[in-house]
Amino acid sequence: MNRKILAMCLISGLAVNPGFAQKYEELAKTPPMGWSSWNKFHEDIDETKIKTIADALVSSGLRDAGYIYVNIDDCWHAPTRDKDGFPQSDPKRFPSGIKALADYMHERGLKLGIYSDAGYKTCAGEFGSAGHEFQDALQYARWEVDYLKYDWCNTPNFNSENAYKMMSSALREAGRPILFSICEWGTTQPWKWAKDVGHMWRTTQDIEPVFSDTTQISNIWNLAVTEILDKNAVLREYAGPGHWNDPDMLEIGNGLTENQERAHFSLWAMMAAPLILGNDVRDMNPHTLSVLMNKDVIAVDQDPLGIQGFRILQDDGIEIWWKPLTDNNWALCIFNRNHDPKDVSLDWQDFNIYDKFSDRSTDFMNLTYDTFDLWNKNKKGNTRKPLKIKVGGEDVAMYLLKPRKQ
Ligand code: GLA
């Protein structure tokens, strides 16, 4: 801002924030992918665990499928900051320090994420960043960290927009491109103010490994997968390349059924959600791995157009979701919320959709698409005849549609 305008604003009392530096733009052109320690391990983390998780991401093929961030969540902290006020890691559980862990990740083609909180303490009671924002950002940059998740506990009377802008500026000033993940649970509608502040923002409270039966939720603050789905679904117009709605980390591999795992993964992909694994990737059953490694579903999530998909129909527990993709392709997901399987018959001509947000239409009247079943890879079809399928209980059928050349 030029000095004259700034002076005029100050004189007239207009709210300006000349210190707010723009976030690093290039960091999340597609939804971030990685792993985080929280969902599975909570406070029970140490450097050996984090390193062996990194090794497993590499050996399982998950890194090469795109999961590159390894994020240490809450509880990496020493009991206090150092004598100059800089953050330090717990010398017992992280004796080699965070820089050594970052080096470990970088040597393996991975990136390291860390966690802090805008308040005085983190949600688990460790020291927060309030009053230390610039010092903390500088330390993360010196440690060569690549990603910061920034939580919202213990922030009495704080203004969220200012608090997150402060840390965003601090990261910018620290000079290292660090992806900024805003985690204030949607309480002050970050989708309305965080586009230029962070790269993703949580839209809801915390997820639990419960699909939809809320009587199974152990903490009343937490939500089931389908509850989060419903809250996140309505926010599509706020997401796009570089700024994503974050419906929280995945619970695949943490006790869901096979059908539920497929549905959870497909629906997060349809919503262009960040795909942050929340399970112990050192110990996964083959089904879980095959879900997380479905490259066609990952490609729907990572499509460069960056448009969050939308639900167009809900009828008797059956939902129809569409997502516009590059090259005039579309993804279709048919989700059965019921416990029992359902027969679904879909006449393409009932779905001549125009999506105003993306300015894309399916145009089934004039175009024929080839259809590729993304969970049963050998099943191919086209849009000349209606689709007749059985969708399992709490499961999905998912398709890629490619228009035939005219
Ligand atoms: C909050 C966040 C979680 C996790 C915990 C850590 O609940 O929403 O994702 O980071 O804090 O204490």
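Here are a few notes on the ligand site and on model confidence.

1. First, the ground rules: this is a predicted model, where local features need pLDDT of at least 70 and side-chain atom pairs count only at pLDDT 80 or more, while totals for chains, interfaces and linings use all residues. Residues are numbered from 1 along each chain as its sequence is written, and side-chain values use heavy atoms, with hydrogens and water left out.

2. Confidence: pLDDT (the predictor's confidence in each residue, from 0 to 100) averages 95 for the chain, and 95% of the residues score at least 70. Residues 1-18 are the stretch to watch, with pLDDT below 50. Beyond near neighbours in sequence, that stretch has eight contacts in the model (heavy atoms within 4.5 Å).

3. Who is around the ligand? There are 13 residues, and Asp73, Asp74, Lys149, Asp151 and Asp206 come nearest (a residue is near if one of its heavy atoms lies within 4 Å).

4. Polar contacts (pairs of N or O atoms within 3.5 Å): side-chain N or O atoms of Lys149 and Asp151 each sit 2.8 Å from an oxygen atom of the ligand. For Arg202, a polar side-chain atom is 3.2 Å from a ligand oxygen. The protein covers 95% of the 310 Å² of accessible area that the ligand has on its own (Shrake-Rupley method, 1.4 Å probe).

Technical notes: Polar contact = N/O pair within 3.5 Å; in protein donor to acceptor, adjacent residues only side chain to side chain.
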